[in-house]
Number of protein chains: 2
Amino acid sequence: MAVKTDIQIAREAVKQPIQDVGARLGIGAGDMLPYGHDKAKISQSFISSLRDRPDGKLILVTAINPTPAGEGKTTTTVGLGDGLNRIGKRAAICIREASLGPNFGMKGGAAGGGHAQVVPMEDMNLHFTGDFHAITSAHNLLAAMIDNHIYWGNALDIDLRRIVWRRVLDMNDRALRDVATSLGGVANGFPRQTGFDITVASEVMAILCLARDLKDLERRLGDMIVAYTRDKRPVCCRDLKADGAMTVLLKDAMQPNLVQTLENNPAFVHGGPFANIAHGCNSVIATTTALKIADYVVTEAGFGADLGAEKFLNIKCRKAGLAPSAVVLVATVRAMKMNGGVAKGDLGAENVAAVQDGCPNLGRHIGNLQGFGVPVIVAINHFSGDTEAEVKAVKDYVARQGTEAVLCRHWADGGAGIEELAHKVVALADSGQADFKVLYPDDMPLLDKIETIARRIYHADGVDADDRIRSQLAEWQEHGYGHLPICVAKTQYSFTTDPTRRGAPTGHRLPVREVRLSAGAGFVVAICGEIMTMPGLPRNPASETIRLDSEGQIEGLF
Amino acid sequence: MAVKTDIQIAREAVKQPIQDVGARLGIGAGDMLPYGHDKAKISQSFISSLRDRPDGKLILVTAINPTPAGEGKTTTTVGLGDGLNRIGKRAAICIREASLGPNFGMKGGAAGGGHAQVVPMEDMNLHFTGDFHAITSAHNLLAAMIDNHIYWGNALDIDLRRIVWRRVLDMNDRALRDVATSLGGVANGFPRQTGFDITVASEVMAILCLARDLKDLERRLGDMIVAYTRDKRPVCCRDLKADGAMTVLLKDAMQPNLVQTLENNPAFVHGGPFANIAHGCNSVIATTTALKIADYVVTEAGFGADLGAEKFLNIKCRKAGLAPSAVVLVATVRAMKMNGGVAKGDLGAENVAAVQDGCPNLGRHIGNLQGFGVPVIVAINHFSGDTEAEVKAVKDYVARQGTEAVLCRHWADGGAGIEELAHKVVALADSGQADFKVLYPDDMPLLDKIETIARRIYHADGVDADDRIRSQLAEWQEHGYGHLPICVAKTQYSFTTDPTRRGAPTGHRLPVREVRLSAGAGFVVAICGEIMTMPGLPRNPASETIRLDSEGQIEGLF
């Protein structure tokens, strides 16, 4: 029998009306704003009504450093949600929304894979409920108001050379990376050089995902630094009076989206900030809402655990007062082999020694996560070519680290394939073992925070930062931003800044190339390596073959 | 008692669930894709199922040349729809969607006014169902694919100086009118000068509003000319293989949106092309769908009848095979006074002579419309300061033109205030008087078509067009575009190209400054005067005061 593709499986899903999915979490039909029959936003008034309820338990799903073999973090998040429901628990999952633009370059992705997916897949890869469009509008309104302010007299004395607020589009368009605007004469304003980023790179996106409610959203938007004056004082969004209108544009986007898994279990899909210059987690409001109405909430963080989980814990949990009860670390036999030096083309052959050689990458992530005071369990996401001996090698290694690895077959079997992990995660989360603490205190100096992450998480010998960066950090500290956490932008493929260094390298240093202040989102970005914030399209973009077939089904998107 | 504002009235509306509104037109809940509880899109499959049903009667609402006094065309469209339902007819209205961007410059508008409005007003002034965002995405995907094609080798030999496809945003942003893109070096492509228009000016918008179905949409998108080669051959969207992906992005946007009037009657609000460089009408698919499920469909056209109705009849009706059964021409006593020379500040005083002096503007529109073979009736949209003698002056004038003017009080009284007009419109539409014919045949040469509109509609002495324009038109004729209708872009305030010349001027000429080919939408644009396709924000934009109040209601948008 031919293996079905993700999209084939997704299209065969027997979806329940979204009202029925919501009802199982106690959300009334009147408290859901439907978008079609299979998507809904949860109303602000319902969310407000939950305030005094106790929270369920939060489970974080994270992974080893990604390899081309694929580790299946979202698939495991979805599968675990299904597995928990299957063993009778009231569980919900919380994942990120996909960005529209990149789907027209490379093929769009499923949310999950195999029999562990969230649907409707097509909508989630296109406009979904319009959240990202709202962010684009809000972001670009602020940009228009900056140039408009200058046009009408520049009362704030904005330095045209020091406008840091760019524009955004949810499109892969390299031609917009670097542009000159306001050409064409007096009526069009003052020419200057600027550019566009992709929408998910907008600070507005990061803010939407960190704000507790609409008031907090408006305050954070107001705090964003958009430019500097001739004498280098920061100009905030609030100074331009754009925060109120941006909040109005974002009021629906702030409401979490509810969809369902293939097994009709509730999935909140909301927000999707970049995982490099931002924190890469779904929205705080979706997570906190889910925790009020589900007993177990499974969520994930972008990239490998050194970036994704670190930011989830040090930024999102710190800011939102969240604390995970357990962490699931996803690994695969294939990824262990690649960490052990096997090339992608050679993954088919059994190679227990390579698995063993690759395991220290997994081991370092386990140790790092335990350092946050949370119990860790490893999920081995099963691939059909994995041999028993290879699986045993991973299990044995993990057992030696004082924890446990569970083989999971959710990709092939859905929730039924991950029951063992579900039971063990419940036991772990209910054990009261978790004693979450952030890695560094708010009052640690900014450079020391970077140093702490570099040494404790990346196991580097230290940080390289020149005087320009050191004095910039010192200046921000003076101006009251010293309490902010750090958001490191570096490659996801290695603990180091060199994407080819797999395994558990040591002896490296963390070179900080640039620092940026996201004063509204509330973190300082430390850029370590090249970061692209506006992708381009490939030579043969997917958009050339995407079309509706004769039956109105989308072809070429997946 | 203080007069309530439009937004106060709109917020007091007792809305019905949109499923109930649709049910009255025989649309099942499963055939509606809800967007919240008060908006829905009509499914493609339902629309397809209507194919063999007979059509209801189409009523066009148009107006005299607009004046600062306001004539209330949309208000009358909505009011008449309510009036028709009130006298027991199965009637629906079809109007355009509002553009988001401009609401952040000047205050946003109601859809209608007083007690003749469509709701939900807030949503309709913000993201609504995301149609315009989808158009922005589709338009900009094509732009990205053009630059990407050039980046990867330019196999089509596109001349960088002759790319006519710009980018769009639904934002008033003068800084984007004229920009240089692809700066910054090799990785960002080949620098060139281009710009952004507002989304409603996109040819994609015009196409969405003229396409009969998704297949027709895809074909028209493919036909769009985006650039010319070094040897001046046109390069189409189809050559870049962008038409399929654009259609996928637009598939939901193509489905008409259903909302309701304050009196819970069905209103289709779908599409909103510019009324200058495009045809300014709601979508064909909404109009044709409404005609299949309602006995009377009331729709409107942008601007005054010389532009709006002319394009509605010569472009939309011609292309979609539509024929109105009656035309309602909206006038106000105040606008007649302004046409008669009264300044806006002096409108409060009775001035029968000025009303009489202004009536020839009305008379010319009546004659023009009768020339299309459709029966015309005049709606006098009542304002509280109108005196009996002034109203009588309009009625007497209209009677002398061989038709009738009816006083309508829908702004104050809703459907109850417009029953007389509703009865008379039904009688007129049912009389079989209509014998619609377009103004010029498809096979008339392009310049002759412009000349025909100028003489027959504007009552000009002729057209001024230089050799460049004449040879451009001749070239398009040679290349197979000679059958297209003309879309004139000129001021809406006068029959001439001088906005200050009110009344019914004669002796003027129509100077054509530029011609453009919208090969996908299917018309040739004749630009007569300055046309702004990207507005700017004013000194104190509305966005500075728009915000959510403490109860979560939007302040400052209206």
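How many bridges join strand S2 of chain B to S14(B), and in which sense do the two run?

Mentor: Keep in mind that this is a predicted model. Strand S2 of chain B, residues 40-42, is joined to S14(B) by two bridges, and the two strands run antiparallel. You can find this pairing on the display by looking for B:Ala40, whose bridge partner in S14(B) is B:Leu258.

Now stay with S14 itself, which covers residues 257-261 of chain B. S14(B) also pairs with strand S6 of chain B, residues 116-119, again through two bridges and with the strands antiparallel. Here the residue to look for is B:Val118, which stands opposite B:Thr261 in S14(B). Strand S15 of chain B, residues 266-269, is a further partner: three bridges join S14(B) to S15(B), and these strands run antiparallel. In this pairing, B:Gln260 has B:Pro266 of S15(B) as its bridge partner. As for what such bridges stand for, strands of a sheet pair through backbone hydrogen bonds, either parallel or antiparallel.

Next comes burial, where the cut-off is under 20% relative accessible area. Five of the five residues of S14(B) are buried, so this strand is largely enclosed by the rest of the structure.

For contrast, turn to another sheet in chain B. It is an open sheet of three strands in the order S21-S24-S23, with mixed pairing. Strand S21 (486-489) and strand S23 (514-518) stand at its edges; each has a single partner strand, so one side of each is left without a neighbour in the sheet. From one strand to the next, the twist averages 25°. S21(B) pairs with strand S24, residues 523-527 of chain B, in the parallel sense over four bridges. Within that pairing, B:Ala489 stands opposite B:Ile527 of S24(B). Helix H18 of chain B, residues 467-481, lies across S23 and S24 of chain B and runs at about 15° to S23(B).

Finally, step back to the two chains. Chain A is superposed on chain B by a rotation of 180° with 0.0 Å of shift along its axis, at an RMSD of 0.0 Å. The two copies are thus related as by a two-fold rotation axis. Of the interface residues of chain A, 100% are also interface residues in chain B, so the copies meet through the same surface.

Definitions and conventions. Residues are numbered from 1 along each chain as its sequence is written. Chains are lettered from A and ligands numbered from 1 in the order in which they are written. This is a predicted model: local features need pLDDT of at least 70, side-chain atom pairs count only at pLDDT 80 or more; totals for chains, interfaces and linings use all residues. Side-chain values use heavy atoms; hydrogens and water are left out. Copies are superposed by least squares on the C-alpha atoms of residues with pLDDT of at least 70 in both. Contact means heavy atoms within 4.5 Å. Two strands pair if DSSP finds at least two bridges between them. Axes are lines fitted to C-alpha atoms, for helices over the stretch in contact, and angles run from 0 to 180 degrees between N-to-C directions. Buried means under 20% relative accessible area, exposed over 50%, partly exposed in between (1.4 Å probe, protein chains only).
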